[in-house]
Amino acid sequence: MVGLSVGEQHFLKGGIAQDLRADGRKRLTYRPIYVETGVIPQANGSARVKIGGTDVIASVKAEIGRPSSLQPDKGKVAVFIDCSPTAEPTFGGRGGEELSSELALALQKCLLGGKSGAGAGIDLSSLLIKEGRVCWDLYIDGLVISSDGNLLDALSAAIKAALTNTAIPKVQVSAEMADDEQPEIDISDEEYQQFDTSSVPVIITLTKVGAHYIVDATAEEESQMSSAVSISVNRVGHICGLTKRGGSGLDPSVILDMISVAKHLSESLMNKLDSEISAAEACEDEDLLKCKRAGTLLTRLISFLYSIVSGSLFKVKKHNKLHEDCDILGGEMRIEVMRSAKI
Amino acid sequence: MEYVNPEGLRLDGRRFSEMRQIVAEIGVVSKADGSALFEMGNTKVIAAVYGPREIQNKSQQKIDRALVLCEYSMAHFSTGDRRRQKNDRRSTELSLVIRQTMEACILTELMPHSQIDIFLQVLQADGGTRSACINAATLALADAGIPMRDLAVSCSAGYLNSTPLLDLNYVEDSAGGADVTVGILPKLDKVTLLQMDAKLPMETFETVFALASEGCKAIAERIREVLLENTKQLEYRRGAA
């Protein structure tokens with residue numbers, strides 16, 4: 001990023017002091033948030049979140065695994081973040097690794113709680129299939145496509161949306177096996193269980209510039225920050241995690257004040273996110289219905305043949321099967337689906 | 001395994017010379033100088049171009065032309081099974097191949113002592129990723145206003161069940177038949193990229209190559225339309241139209 005001149009720095013700081021930021025927002029106003037779900041058809045759940053110029057994609061993939069011996073009654077969740085060099089040339093090669101691991105760690109802490117598993121935002125026991133033997137491994141992957149500040153908030157919103165969109169197939173454990181043998185499992189293609197994401201927290205980052213703090217800082221504002229505190233709050237208003245970044249020291253009373261501001265903001269942010277997510281999910285379902293209605297007998301026959309072939313080669317998620325079938329028609333159908341899915 | 005059924009329909013219902021649905025969009029990464037999203041069926045690629053800008057590594061500087069750097073990366077969720085090492089050999093090879101293709105078509109002599117970065121991010125991989133990357137890179141370079149000799153376009157074709165097939169998807173690609181990737185400069189009618197794996201008899205190769213070139217020309221038409229539409233939008237916003 002090109003550096004800011006002294007004049008530009010004064011402009012930014014002065015604006016923030018007067019509660020009028022460079023893009024006209026007040027100190028505690030978020031940029032418009034756009035949410036799109038189901039963007040990665042081959043994942044179990046996915047979402048794309050745009051906050052101003054920041055664009056991130058989160059995907060959730062579920063794979064069959066073995067629970068850890070320390071916690072045999074829980075499934076496993078792992079969070080990985082990748083900063084794409086498209087967001088910033090410095091992320092090329094190994095440049096983005098530091099930021100990626102910092103973001104991944106912060107998100108992991110806020111979603112999964114402590115080492116013992118207490119205080120997790122996701123109910124890990126719902127991922128269990130057979131105690132001590134088989135469980136679901138959830139891999140949450142985040143990708144930063146475009147970065148204009150406030151990555152942590154965008155990523156946590158994307159993960160929350162992706163988890164809401166996630167559908168994990170129902171599993172039947174067949175036959176009782178001896179303790180040291182792998183049990184046979186039957187993964188259903190038809191039935192799915194949705195995730196309960198009401199206790200998944202969101203992260204609110206407050207950036208201190210001069211003597212005031214702002215929410216949802218752009219990249220330019222972040223370059224002028226003295227320190228930033230990221231607080232993860234859940235629906236009930238409990239703090240699920242806290243991270244302070246930046247070299248400058250903060251008075252403890254300031255931190256307490258920031259926490260109360262974050263709690264106050266979290267309510268409106270959660271409601272906004274929930275409404276955006278349900279709008280996005282409704283949009284997705286509508287597109288599937290449109291495809292269904294316009295489909296002809298020939299299309300159904302072709303899609304039936306396709307599903308037989310592809311069902312044996314790789315898992316076709318039922319939720320988006322019709323979406324894929326629409327590609328067979330090509331032409332207007334696909335464009336129509338794409339247009340109505342774009343926000 | 002039957003990839004082309006007796007009626008001539010492939011696994012996804014296409015005919016042998018039918019390409020997958022193309023979606024092309026410009027300006028998806030606001031921060032980059034130029035960016036584009038290119039989709040061929042289920043293969044989705046984002047290209048971002050930063051440049052021409054000051055050279056970052058003085059030792060790599062070229063006195064009479066611009067330095068073109070390219071990086072290809074796949075997202076963790078881009079393939080069916082979640083394995084993705086960042087600097088594996090395939091990514092390095094693809095970065096090199098795409099860099100050479102784009103370098104041939106950029107007028108690098110006009111921008112000495114500078115550097116042009118092309119970053120490619122694969123969001124979904126369903127066969128034909130290198131073709132989608134080259135097409136996306138061309139759009140992104142045009143969006144960045146970087147002078148080029150021609151639009152570099154690319155398409156792949158294969159040969160399965162004794163039929164040449166245009167634009168293979170992942171299933172057809174992994175079938176074990178030949179896979180020919182062609183990159184051409186359509187107006188100049190020159191080939192900038194030609195890669196093939198497996199083996200083909202000479203006449204069959206010529207047929208498959210001709211089919212891929214036809215596909216390239218169709219993509220070039222599409223790219224030209226998108227760029228024209230984009231320019232009209234810009235004119236409208238400026239109030240000139």
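**Notes on the chain B sheet, its helices, and a residue in chain A**

1. Nine bridges tie strand β3 (residues 43–54) of chain B to strand β5 (residues 114–124) of chain B, and the two run antiparallel. One pairing to click on: Val45(B) has Val122(B) as its bridge partner in β5(B). Keep in mind that this is a predicted model.

2. Now zoom out to the sheet. It is an open one of five strands in chain B, ordered β1-β2-β3-β5-β4, with mixed pairing. The edges belong to β1 (22–26) and β4 (67–74) of chain B; each has a single partner strand, so one side of each has no neighbour in the sheet. On average, neighbouring strands here are turned by 15° against each other, direction ignored. As a reminder, strands of a sheet pair through backbone hydrogen bonds, either parallel or antiparallel.

3. Which strands does helix α1 of chain B lie across? Helix α1 (residues 89–105) lies across β4 and β5 of chain B, and runs at about 140° to β4(B). Helix α4 (residues 202–238) of chain B also packs on the sheet, where it touches β1 and β2 (34–40) of chain B. The direction of α4(B) makes about 35° with that of β1(B).

4. Helix α4(B) has a helical partner too. Its axis and that of helix α2 (residues 129–144) of chain B come within 11 Å and cross at roughly 30°. With the cut-off for roughly parallel at under 35 degrees, α2(B) therefore counts as roughly parallel to α4(B). The crossing of the two is right-handed. From α2(B), the contact uses Asn135(B), Leu139(B), Ala142(B) and Asp143(B); from α4(B), it uses Ile219(B), Ile223(B), Val226(B), Leu227(B) and Asn230(B).

5. On annotation: UniProt (unreviewed entry) puts "domain: Exoribonuclease phosphorolytic" on residues 18–147 and 150–214 of chain B. In the span 150–214 of chain B, the end C-alpha atoms lie 17 Å apart, with 26% helix and 43% strand. For chain A, the feature "domain: Exoribonuclease phosphorolytic" is placed by UniProt, again in an unreviewed entry, at residues 30–169 and 200–263. The ends of residues 200–263 of chain A are 15 Å apart, C-alpha to C-alpha, and that span is 27% helix and 41% strand.

6. Last, a residue in chain A. Ile203(A) sits in strand β9 (residues 202–209) of chain A. Is Ile203(A) buried or exposed? Its relative accessibility is 3%, so Ile203(A) counts as buried. Beyond its neighbours within four places in sequence, Ile203(A) has contacts including Tyr30(A), Leu107(A), Leu152(A), Ile231(A) and Leu269(A). Ile239(A) is 36 residues from Ile203(A) in sequence, and their C-alpha atoms are 9.7 Å apart.

Terms used:
Residues numbered from 1 in each chain as written. Chains lettered and ligands numbered in written order. Predicted model: local features only at pLDDT ≥ 70, side-chain atom pairs only at ≥ 80, totals over all residues. Heavy atoms only, no water. UniProt positions renumbered as here; feature names shortened; annotations may be inferred. Helix = DSSP H or I, 4+ residues; strand = E, 2+ residues; numbered from the N terminus. Buried < 20%, exposed > 50% of the residue type's maximum accessible area, 1.4 Å probe, protein only. Contact = heavy atoms within 4.5 Å. Pairing = 2+ DSSP bridges. Axes fitted to C-alpha atoms, helices over the stretch in contact; angles between N-to-C directions. Parallel < 35°, antiparallel > 145°, perpendicular 65-115°, else oblique. Left-handed = near helix turned anticlockwise from the far one by under 90°.
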